[in-house]
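Open the model in your viewer and keep the selection panel at hand. The tour goes from the whole chain down to single atoms.

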Amino acid sequence: MLEDIIALDKKYYMNTFGERLPVCFDRGEGIKLYADNGDVYYDFLGGIAVNALGHSHPRLVNALKTQVEKLIHTSSLYYIENQARLAQKLVENSCADKAFFCNSGAEANEGAFKLAKIYFYKKGMEKYEIISLDHSFHGRTLATVAATGQPHYQAPYKPLTPGFKQIRPNSLEAVSEAVTDKTAAIMIELIQGESGVHPMDVEYAKGLRKLCDEKGILLIIDEVQTGMGRTGKLFAHQLYGIEPDIFTCAKALGGGVPIGAVCAKAEVAAAFEPGDHGTTFGGNPLATAAGLAVFEAIEEEHLVENARSMGRIFEERLNELSKKHRDKIVDVRCAGLLVGVELKPEIAKGVFDRLFKKKILASLCKGLTIRIAPPLNITADEIDLFISALDEALSEV
Ligand SMILES: *Cc1c(COP(=O)(O)O)cnc(C)c1O
């Protein structure tokens, strides 16, 4: 029973998530989630951009079943076939030459910081500063909190890891002002997810690449949320037509099984030599079996293309809706299937609560923006379901 679970949680679980939504899911299929009382929900948030294939996708389920029966974990002391094959997939489908696996987005970003720092260390150069952007989100570890440009995440953990600073997004002038001879890297999300789906300008992204080249600074793109087809390209940097020196990936990479990746150009990746970095669990046979199954499904079911075409439908429908509710919808921001609908502050929470009552799962960013990141295999009918629920919710507030 839900009440019993809530009581256990309150008694034994650290209260970092406060009052959660009052539901506990038992199983899922595609975009549907079934609560333990039998209620059916529609998961338009996809576990926050994680469940790229939806729930219980047969290819992922079978790959995991098969792998669990053979082998779950060995050690990084030995070669791992799935790990090598998943690295090959990432490299062959991006601008990177090498990959390294870990267990989460934050850990991937930590790996990227370490790689940027060691790259200059091995050149005998004293460059260690990392610049990131206001309103960014890079994770919850100490270094990634220092890179996350949101004061409320940083305040309790001061003094922060030194060497990080944040600047305003979409301003090359701000970058030029912030860069010093100690700057090692600039890390950005091309589309800021957690803050409510805020895309960078293409000119800015291209300018940043040029500026990094001119000043000998590494460009790191955090693709933890935007990667694996979410934006209608496999990676957002492909959408923007730029090549980062390092990019990180996690969330959708394992379709729900924890895995992250640091991907880098050959020259940069070469800075990691034996003993310089490591992991116990990262890229183990089970996690990389999941990654391979997700990758194969994305390829064989043309899910990047589907994200692009369904993303367009979403955008059209939402633009129609924003004409109808122009007094309530402030902005619609879409990048493939990463979608943000910014609402007037006084109604946003009400709309979110009504969507939940209608069994539609989304998230509310900054109390303003309804964010959705549905499975990449979403259909036009499922999009209509969301649109009519949102239409109703908007009419009710
Ligand atoms: C979710 C997220 C992270 C952190 O990932 P975890 O797996 O929670 O550590 C980092 N960067 C971005 C852009 C994210 O969306």
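Start by colouring the two domains: domain 1 and domain 2 bury about 2,200 Å² between them, and 61% of that is on carbon and sulfur atoms. Buried area is the accessible area (1.4 Å probe) that two parts lose on being put together, summed over both. To make the selections, take 2–56 + 302–396 for domain 1 and 71–300 for domain 2; such bounds come from an automatic or database domain assignment. The centres of domain 1 and domain 2, taken over C-alpha atoms, are 26 Å apart. Domain 1 puts 26 residues into the contact and domain 2 puts in 28, where contact means heavy atoms within 4.5 Å.

This is a predicted model, in which local features need pLDDT of at least 70, side-chain atom pairs count only at pLDDT 80 or more, and totals for chains, interfaces and linings use all residues. Residues are numbered from 1 along each chain as its sequence is written, and side-chain values use heavy atoms, with hydrogens and water left out.

Next, select the ligand and the residues around it, among them Ser104, Phe137, His138, Glu189 and Asp222.

Finally, zoom in on the ligand's oxygen atoms. One is 2.6 Å from an N or O atom in the side chain of Lys251. A backbone N or O atom of Gly105 lies 2.8 Å from a ligand oxygen atom.

Key: Near = heavy atom within 4 Å. Polar contact = N/O pair within 3.5 Å; in protein donor to acceptor, adjacent residues only side chain to side chain.
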